[in-house]
Amino acid sequence: MVGEGAADTTAREALLDRAMGPKRKKKSSEKLRRGRRPSEGLAFVARDASGVVVGTVRLWDVRLGEGGPAALLLGPLAVEPGLKSGGIGSALMRHAIAEAARLGHGAILLVGDAPYYGRFGFSADRTGALAMPGPYERHRLLALELKDGALDGAKGTIKAAGRKIKGQAPGFVA
């Protein structure tokens with residue numbers, strides 16, 4: 001696992017298209033990511049022996065409700081379709097969780113399958129008073145506390161809180 005670099009953008013986007021299909025940009029989680037940068041130091045790729053990007057995961061800064069506590073939203077997690085079940089996704093998840101904890105974050109949320117993410121400690125136990133913007137399946141909103149009590153009292157709609165992508169075209173001079 002290595003930090004994602006600017007040169008990985010095209011390879012990551014192509015991987016996401018192959019792994020998740022064209023509807024991936026319509027998901028509720030995408031609304032919280034659009035126009036934002038991943039949380040500082042929390043975007044990772046996995047490479048094969050020849051250096052090709054075969055896995056990706058990013059975490060994003062969010063707020064839990066109006067004026068609520070800060071947290072991270074994980075996603076998307078994707079692995080090259082032909083390499084699924086090879087441990088790449090699990091390694092990316094463990095690395096992302098460890099780095100988020102090391103950087104002092106309190107909690108990670110995601111929308112995903114409980115049987116898969118449960119092995120990393122995620123559950124819907126603490127997300128009942130939270131909501132995603134747009135359509136989503138409530139039982140798939142999962143959370144992991146990195147610090148005990150980080151989700152105490154968290155309620156309301158999850159809101160984007162990360163650094164915005166600058167809107168100027170490259171080469172623009174003010």
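Predicted model: local features only at pLDDT ≥ 70, side-chain atom pairs only at ≥ 80, totals over all residues.
Strand β2, residues 43-47, takes part in two pairings. On one side of the account is strand β1 (residues 2-3), which runs antiparallel to β2 and is joined to it by two bridges. In this pairing Val2 stands opposite Val45 of β2. The other partner is strand β3 (residues 53-64), which pairs with β2 over five bridges, again in the antiparallel sense. Here Val45 stands opposite Thr56 in β3. Strand β2 is mostly covered, as four of its five residues are buried.

Strand β6, residues 107-111, is likewise mostly covered, with four of its five residues buried. Its pairing with strand β4 (residues 70-74) is parallel and comprises two bridges. Ile108 of β6 stands opposite Leu72. With strand β8 (residues 141-145), β6 runs antiparallel, and five bridges join the two strands. One of the residues involved is Leu110, whose bridge partner in β8 is Leu142.

A patch of positive charge is found on the surface, where Lys23, Lys26, Lys31 and Arg34 gather. Lys23 is located in the loop between helices α1 (9-20) and α2 (28-33). The relative accessible area of Lys23 is 66%, so this residue is classed as exposed, for which the cut-off is over 50%.

Conventions: Residues numbered from 1 in each chain as written. Heavy atoms only, no water. Patch = residues over 30% accessible without salt bridge, like charges linked within 9 Å, V, L, I, M, F, W, Y side chains within 5 Å. Areas by Shrake-Rupley, 256 points an atom, 1.4 Å probe, with all protein chains shown as cover. Salt bridge = Lys/Arg side-chain N within 4 Å of Asp/Glu carboxyl O. Lys, Arg positive; Asp, Glu negative; His and termini not counted. Charge placed at Lys NZ, Arg CZ, Asp CG, Glu CD. Buried < 20%, exposed > 50% of the residue type's maximum accessible area, 1.4 Å probe, protein only. Pairing = 2+ DSSP bridges.
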